[in-house]
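Visitor: Please take one part of this model and go through it closely. I would also like the cut-offs behind each term.

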Number of protein chains: 2
Amino acid sequence: MHQEQRKRTVDLLKQHGINRALFTDPHTITWLTGFAPPIQTGSNLFEGSPPLIWYEDGQFILVVVNNYATQAAHLDQDSDGKVIIYMGYTVQDPLSGIPNLQLTMRELMKRSVARGKVGIEMSHCTLLVSNAMQEILPAMEFVPLDGWLEPLRMIKTDEELVKLRQNFALIEVGHAVARKIVKPGLREIDVWSEVHGAIEREAGCRVPLGNDCIVGYRQQNIGGWPKAHELKADDSLIVDLSTILHGYWSDSCATYFATEPNATHKKLHQTVSEALDMARSLIKPGVKANHIDQQTRQFIADAGYNVYRHHTGHGVGVSGHEEPRIVPYNETKLQSGMVIMLEPGIYLPGQTGVRLEDAYLVTADGAEQLTHHDKRLP
Amino acid sequence: MHQEQRKRTVDLLKQHGINRALFTDPHTITWLTGFAPPIQTGSNLFEGSPPLIWYEDGQFILVVVNNYATQAAHLDQDSDGKVIIYMGYTVQDPLSGIPNLQLTMRELMKRSVARGKVGIEMSHCTLLVSNAMQEILPAMEFVPLDGWLEPLRMIKTDEELVKLRQNFALIEVGHAVARKIVKPGLREIDVWSEVHGAIEREAGCRVPLGNDCIVGYRQQNIGGWPKAHELKADDSLIVDLSTILHGYWSDSCATYFATEPNATHKKLHQTVSEALDMARSLIKPGVKANHIDQQTRQFIADAGYNVYRHHTGHGVGVSGHEEPRIVPYNETKLQSGMVIMLEPGIYLPGQTGVRLEDAYLVTADGAEQLTHHDKRLP
């Protein structure tokens, strides 16, 4: 699993003369191995560190706490992968995850050459981990690798597309529920909990869910988690859903209405819908990300509205927002195999808001839409 | 808010001659300030680091990304607290959370004395943060503070008890739903999603939820997240719920049955219930944690069952499991103001399991039960 990702990484490291590296960013871990630890209640107190990868001479060694032994085991099947398990919490001893991890790392690295370049993702490497490394390899020369893999992650592999398609199918279930139940008197959290429940029942397991579920009359009605705000007659509800499945994110947005959409709603909805269609029509290999951004903003401005302050879109994969970001400064050219979100909106603060969002796979000559939730006016 | 926690910390640091420190552990951040960032979909890509606290001469300076400005603002109201905000993601520039954080830290520390002791929580301090510190304070002497605050966290403040009581009330709502709906044909995830929905509707906001929801016929039927396993006639379902509210964890467990409990269920349930009653009767100041552990295990053994392999209990607060851990090696004596969970169980692997769990506040002469979910046989 995910051998293509590791191949791309080896090629990059070799170009820079690096044959040892420590990867610590959770997104890197998932991208390189397909393994993703659960996150719904935060970090695991009983482990020494979130999962790490020690890379040496073409081998990717995933170091995880015993809790994740089963979920990580698949990496042992691959010739370029290996899993090493250390013990976290037991009732026999005081918390020993950190010393156990340090011992494991010493064991791993002591066979390594004591000096020379070692690549390292610094943004998620803790002092406890780096100090253990420095004890064993005191003469090593750290080469920061932060951000190096982001460009490699832009082009999705076939394996990733399978995961993403499953995930985009899942959010359809959530949107169908929201579309059906929205009515005056329900609160944002009421809609959200029904949507989340439907998604988890469909998946047959827990599924982390983002992003927004907000009534139009919120002053900051661009985004936010659901609260106890009640839907009123003539109210809009922006429902922006991201599920995380197999460590991959989906994304999607639609706007629903508590009662029959009024004239303002209809006009906003039509304009945003046309902006999204226009933006989609621009997608093809070679087009710059900021061209799509600029054209879409211009479309909204030309229609006589204040232009949304958020991005026009973004890539999606092991993280919810990643390259290529569809923003004013980004000159990155689209390539076949990228998956991007587009999400124009119009917001009348404290009154109403409409946002629509779809996912697209960049193809050889255009775009394939990956989201199929119903975004039409009722 | 949380001034008592900061006072305890200042006292401890002064005893060790430390007047500067960097706190990085998320549990420390919540405990010292009452601020807790949301966690349901993992870390925020757009920040430079999770929240940090720079402590200097009695002042606690919380450094957070702009997304959390509102939720963290209360700390500015306190004479010993201050909030500093740095910008995370904007559409105008490439991701700049990390450089913005580093600039903020330089600004903060440049007025500091260049040499001497600086306390530091190493387990959550990333290299990016520590390198920024070392540039400004190259002659500083790191004093690792990992674990120093855990003992201070054991005695709950009045403010914390208010938060915990609200939280324990919330899980009652979840258990009432589980008790009502459990029946053959439902899957673990079906029960879970109804429970989670009811809790969020009651709270009027998103609420992270742990821990276990497992049918008795799982081979590893001690714990685990809900999956698509279907409840069958004559099946048990262990429902162990932890909500996180205001940054504080609750905990609780009950066992429900798909149909009328059979003779085995009744016997197991009665034994576990008596074990819990016995364990509770031992709670009072001065009793050692491992005495309760040992007595409870002995009770299960004397009843003729294999003794559970997990802890007998644990403290609860800004983390789900904390000191005092009720485990074989722990000689910590209970003190008034501690909040502990007790959770004996009996497991017949692949067949059935029963666990019951309550929370107790240690009082001057015994225990006050904080959980009130119905754990009786139907």
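Guide: In this predicted model, α4(B) passes α5(B) in a right-handed crossing (the near helix is turned clockwise from the far one by less than a right angle). The helices are α4 (residues 97–109) and α5 (residues 127–136) of chain B, whose axes come within 10 Å and cross at roughly 35° (axes are lines fitted to C-alpha atoms over the stretch in contact, with angles from 0 to 180 degrees between N-to-C directions). Helices here are DSSP runs of H or I with at least four residues, and strands are runs of E with at least two, numbered from the N terminus. From α4(B), the contact uses Ile98(B), Gln102(B), Met105(B), Arg106(B) and Met109(B); α5(B) contributes Leu128(B), Ala132(B), Met133(B) and Ile136(B) (contact: C-beta atoms, placed from the backbone, within 7 Å). Seven of these residues are nonpolar, one is polar and one is charged (Ala, Val, Leu, Ile, Met, Phe, Trp, Tyr, Cys and Pro are nonpolar; Asp, Glu, Lys and Arg charged; the others, Gly among them, polar).

Residues are numbered from 1 along each chain as its sequence is written, and chains are lettered from A and ligands numbered from 1 in the order in which they are written. Local features need pLDDT of at least 70 and side-chain atom pairs 80 or more, while totals for chains, interfaces and linings use all residues.

In chain A, the buried residues of α5 (residues 127–136) are Leu127(A), Leu128(A), Val129(A), Ser130(A), Ala132(A) and Met133(A) (buried: 20 or more other C-beta atoms, placed from the backbone, within 10 Å of its own). Their cover includes β1 (20–23), β2 (52–56) and α4 (97–109) of chain A, together with α5 of chain B.

A rotation of 180° with 0.0 Å of shift along its axis superposes chain B on chain A, with an RMSD of 0.0 Å (least squares on C-alpha atoms of residues with pLDDT of at least 70 in both). The two copies are thus related as by a two-fold rotation axis. The predictor gives the complex an ipTM of 0.96 and a pTM of 0.97.

Key:
Contact = placed C-beta atoms within 7 Å. Buried ≥ 20, exposed ≤ 12 C-beta atoms within 10 Å, placed from the backbone.
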